[in-house]
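Student: I would like to learn how to read side-chain features in a structure. Could we go through some of them one at a time?

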Amino acid sequence: MSEQPRRPRKTGKPYRRPQKDPVRMLAFEALRAVDERDAYANLVLPPLLRKAREKEGPEKFDARDAALATELVYGTLRRQGTYDAIIADCVDRPLREVDPPVLDVLSLGVHQLLGTRIPSHAAVSASVELARVVLGDGRAKFVNAVLRKVARDDLDGWLERVAPPYDEDPEDHLAVVHSHPRWVVSALWDSLGGGRAGIEELLAADNERPEVTLVSRPGRATREELLGEEAAVPGRWSPYAVRLSEGGEPGAVDAVRENRAGVQDEGSQLVALALANAPLDGPDRRWLDGCAGPGGKAALLGALAAERGAFLLASEKQPHRAGLVARALDGNPGPYQVIAADGTRPAWRPGSFDRVLVDVPCTGLGALRRRPEARWRRRPEDLDGFAPLQRGLLRNALEAVRVGGVVAYATCSPHLAETRAVVTDVLKQHPGTELLDARPLLPGVPGLGEGPDVQLWPHVHGTDAMYLALLRRTS
């Protein structure tokens, strides 16, 4: 009996395997790490990019691939609040009921549609293809349906639709338009002192990609040497700062590889310089960095101290961060020591130092350009957790400095509860202390306010929002 021919199955379109896009796969992997492990993108992304550059074949990254992956990750994280509001308008369930990996693919797609120049059809098709690879065909259809709705309008049209009018709810309007939690908008507005223009400029600056800034460590590298690098231009305020224009790679700079220079925001440099240049009564032999991790300020202070023959003690509570400080100071030309110690339980005798820096742990609201995911992780109640530590560190710093010596209190947050409130409270408890005018110690820097303390701003100074108060012990 002859075998009957088989009838072909009616399957519609032939099945096609999803095509992996290495750039979007890497961006998705980075976003998942940020969400699942509470990782920071600035720590997750570099090793992923390095691994992609080392691959062979079609998955090997070139400079354009790395730039696109970086934009997709940071752009998606910066605009997460805005994109969540838009996605919520396009789905039939609360966002909390959308699986996080699905939401990450959607957010990457929305950023390509509304935040880049990628054509709409390419943004949708690439996102659906990514969904097929990482989520499966079923959920890819959901992604396709949502992104096609998003593609019907541009960003301005969507903001008009999902953001409440400014006149009805100014804080919520700014929160949606500029992608910040409402409480952060309110806190930053209070720190600025009111006015719509200033807060709009600050929130917009938080969503800009920050420049890479290098520091030439005195006695080890010069700014002129760094300016010989491709894409390098002088810093705005610090005599040791050099900015790398877009595409500049710090790892390609010899002085950085040799630890004679480093990556350091100009605001951070200014804090260290202000302490180093503050007028003293008496000797200038022993300096302390009481919260030294990860080591950027300590490395600059160590180099400045070496020029004067002074000794630097760099103290950091966490042993692994103390290791980072030791690496930053490795090769310093003058005497120094790195220890793992708690600044609230000093490992030194009172009155031992001439200059003391405490760059205290904080909410990090001043560095949202560099760590955009921090805005979504922080909560108002975090301030209550930091408050006792910040006050304790400043009190112990004042105990550590001798009479006539100077303490610099610094924090990478403009929140009033972490800046002036801390200094005011501690001054009340230490009557033998005076607040110095820090502004003359930042020569040439405009917009420093009424003093005597200093608040730097991304939209005014192009730096992180560093706060600085200088205190001299008088008795």
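Student: Which residue forms a salt bridge with arginine 32?

Tutor: A salt bridge pairs a side-chain nitrogen of Lys or Arg with a carboxyl oxygen of Asp or Glu. Keep in mind that this is a predicted model. Here arginine 32 is bridged to aspartate 35, and their closest N and O atoms are 3.0 Å apart. Both residues belong to helix H1 (residues 22-36), where a spacing of three residues is about one turn of the helix.

Student: How many salt bridges does the structure hold?

Tutor: There are 35 salt bridges in the structure. One of them joins aspartate 38 to arginine 377, with the closest N and O atoms 4.0 Å apart. This pair links distant parts of the chain, 339 residues apart: aspartate 38 is in the loop between H1 and helix H2 (41-54), and arginine 377 is in helix H17 (residues 374-377). Aspartate 38 is exposed, at a relative accessible area of 52%, while arginine 377 is partly exposed, at 24%.

Student: Which residue meets arginine 402 in a salt bridge?

Tutor: The partner of arginine 402 is aspartate 354, at 2.4 Å from N to O. Arginine 402 is in strand E9 and aspartate 354 is in strand E8 (residues 353-359), so the bridge ties together parts that are 48 residues apart in sequence. Arginine 402 is buried, with a relative accessible area of 12%. Aspartate 354 has 5% relative accessibility and counts as buried.

Student: Next, aromatic rings. How many aromatic pairs does a search of the whole structure find?

Tutor: The search finds two aromatic pairs. In one of them, the ring centres of tryptophan 348 and phenylalanine 353 are 6.1 Å apart and the planes stand at 85 degrees, so the pair is edge-to-face. The cut-off behind that word is an angle over 60 degrees. Tryptophan 348 is buried at 14% relative accessibility, and phenylalanine 353 is buried at 0%.

Student: Which residues form the other pair?

Tutor: Tyrosine 409 and tyrosine 467 form an edge-to-face pair, 6.3 Å from centre to centre with 70 degrees between the planes. This pair links distant parts of the chain, since tyrosine 409 is in strand E9 (residues 401-411) and tyrosine 467 is in strand E12 (residues 467-473), 58 residues apart. Tyrosine 409 is buried, with a relative accessible area of 0%, and tyrosine 467 counts as buried at 2%.

Student: What sits over the ring of phenylalanine 142?

Tutor: A ring can also have a charge over it. The charged end of arginine 93 sits over the ring of phenylalanine 142, 4.8 Å from the ring centre. Likewise, the charged end of arginine 371 sits over the ring of tyrosine 40, 4.1 Å from the centre of that ring.

Student: What about nonpolar side chains? Where do they tend to be in soluble globular proteins?

Tutor: In soluble globular proteins, nonpolar side chains tend to be buried together. In this model, the largest nonpolar core has 55 residues, of which Leu26, Val73, Ile86, Leu114, Val143 and Val150 touch the most other members. Leaving aside its neighbours within four places in sequence, valine 143 is in contact with residues including Val102, Leu106 and Leu135. Another core, of 41 residues, lies apart from the largest one and has Leu304, Ala367, Leu436 and Leu470 among its members.

Student: Finally, which residues are buried in helix H19?

Tutor: In helix H19 (residues 420-429), Val422, Val423 and Val426 are buried. Seen down the axis of H19, the buried residues fall within an arc of 95 degrees, so they line one face of the helix. They pack against helix H18 (382-400), E9, strand E10 (433-436) and E12.

Definitions and conventions: Residues are numbered from 1 along each chain as its sequence is written. This is a predicted model: local features need pLDDT of at least 70, side-chain atom pairs count only at pLDDT 80 or more; totals for chains, interfaces and linings use all residues. Side-chain values use heavy atoms; hydrogens and water are left out. Rings of Phe, Tyr and Trp (its six-membered ring) pair if their centres lie within 6.5 Å; planes under 30 degrees apart count as stacked, over 60 as edge-to-face and the rest as tilted. Buried means under 20% relative accessible area, exposed over 50%, partly exposed in between (1.4 Å probe, protein chains only). Helices (H or I, at least four residues) and strands (E, at least two) are DSSP runs, numbered from the N terminus. A charge sits over a ring if NZ of Lys or CZ of Arg is within 6 Å of the ring centre and within 35 degrees of the ring normal. A nonpolar core is a set of buried Ala, Val, Leu, Ile, Met, Phe, Trp, Tyr and Cys residues joined through side-chain atoms within 4.5 Å. Contact means heavy atoms within 4.5 Å. The arc is that of the directions from the helix axis to the C-beta atoms.
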